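Dear colleague,

Please find below the structure I promised to hand over. My notes on its helices follow.

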Amino acid sequence: MGSEGPKSVVVHVSGFKKFQGVAENPTETIVSNLRVFVEKRGLPAGLKLGSCDVLETAGDGARAALYKAMESGISATDSKSNEQVVWLHLGVNSGAVKFAIERQAVNEATFRCPDELGWQPQQQPIVPEDGGTSRVRETCCSTEAILKILKKKGYDVATSDDAGRFVCNYVYYHSLRFAEEKGHKSLFVHVPLFSRINEETQMRFVASLLEAIAATC
C-alpha cells in the first residue's frame with residue numbers, strides 16, 4: 001500500500017459527549033458511526049482511519065483521558081516511520097450554520113459555563129509553561145487546500161481563526177502541542193447541530209474531510 005506514494009496517512013478522530021445547552025452532541029454520533037460509514041463507502045489507497053474516541057466535554061479533569069487516547073492511538077502506528085499521523089478533532093458549534101476548519105488554538109481557558117466536571121476557569125493559561133494567554137499554536141495542516149477540496153464537493157465550509165475559549169479550544173491546544181512534539185499533525189473542525197445540517201450530510205462531510213486531509217498531507 002505504501003508503494004504508491006511517499007507515505008500513508010493515518011487519521012485518528014475524536015468527538016465530544018453532551019454538555020450544558022447541547023443534550024445530544026452530533027460529534028458523538030458522527031465519531032461512533034464513522035468506522036462503519038467509511039468501511040461501506042471505502043477509503044482511497046494510502047488513507048487509514050485510526051482510533052475513534054468520544055471525549056468527555058471537560059478541560060483539566062479530562063486531560064489525562066485525552067492524553068491516554070492520543071498515546072494509545074499512536075502505539076500501533078508509530079512503529080511505521082512512513083506513516084503520517086493526523087489528529088482530527090470534531091466539536092459542535094450550536095450557533096453555526098456551516099462547517100468551520102479551525103486554523104489555530106489559543107493558550108487561554110475562559111469557560112462561559114462549567115464543563116461537565118464542574119470546572120470553569122477564567123483567563124487561565126491552558127499550558128502555563130507555554131507562557132501567557134496570548135500564545136497561539138497553529139495547525140500545520142494545509143487548511144486552504146482542504147477548504148478548496150471540500151468546497152468543490154459542494155459543502156458549506158469556511159476557515160476560522162477562533163475556536164472559542166471553551167473545551168474545543170482547550171483540547172485543540174493540547175493536541176497541537178502533542179502533535180508538534182511527536183512530528184504529527186492536528187486539526188480541529190467545528191460542525192453545526194443536526195437540525196442545521198442533517199446527519200447523513202455531516203457523515204459524508206467528515207468522510208470527505210478525511211480524504212481531503214490525506215490528499216494534502
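**Helix 3 and its surroundings**

Glycine 154, which follows helix 3, has a positive phi, near 95°. Please bear in mind that the model is a predicted one.

Within helix 3 (residues 143-152), the buried residues are Thr143, Ile146, Leu147 and Leu150. They lie on the same side of the helix, because the arc they cover around the axis is only 100°. Lys148 and Lys152, on the other side of helix 3, are exposed. The cover over the buried residues of helix 3 includes strand 4 (99-102), strand 7 (157-160), strand 8 (185-191) and helix 5 (199-216).

**Helix 1 against helix 5**

Helix 5 also packs with helix 1 (residues 26-41), at an angle of about 70° and with the axes 10 Å apart. The two helices are therefore roughly perpendicular to each other, and their crossing is right-handed. From helix 1, the residues in contact include Ile30, Leu34 and Phe37, while those from helix 5 include Met203, Val206 and Leu210. By class, the residues of this contact are 8 nonpolar, 4 polar and 5 charged.

**Helix 2 against helix 4**

Helix 2 (residues 63-75) packs with helix 4 (residues 167-182) at an angle of about 35°, the axes being 11 Å apart. This crossing is right-handed. Helix 2 contributes Arg63, Leu66, Tyr67, Met70, Glu71 and Ile74 to the contact, and helix 4 contributes Tyr170, Val171, His174, Ser175, Phe178 and Lys182. These residues comprise 7 nonpolar, 2 polar and 3 charged.

With kind regards

Methods: Residues numbered from 1 in each chain as written. Predicted model: local features only at pLDDT ≥ 70, side-chain atom pairs only at ≥ 80, totals over all residues. Heavy atoms only, no water. Buried < 20%, exposed > 50% of the residue type's maximum accessible area, 1.4 Å probe, protein only. Helix = DSSP H or I, 4+ residues; strand = E, 2+ residues; numbered from the N terminus. Arc of directions from axis to C-beta. Contact = heavy atoms within 4.5 Å. Axes fitted to C-alpha atoms, helices over the stretch in contact; angles between N-to-C directions. Left-handed = near helix turned anticlockwise from the far one by under 90°. Nonpolar A, V, L, I, M, F, W, Y, C, P; charged D, E, K, R; others polar. Parallel < 35°, antiparallel > 145°, perpendicular 65-115°, else oblique.
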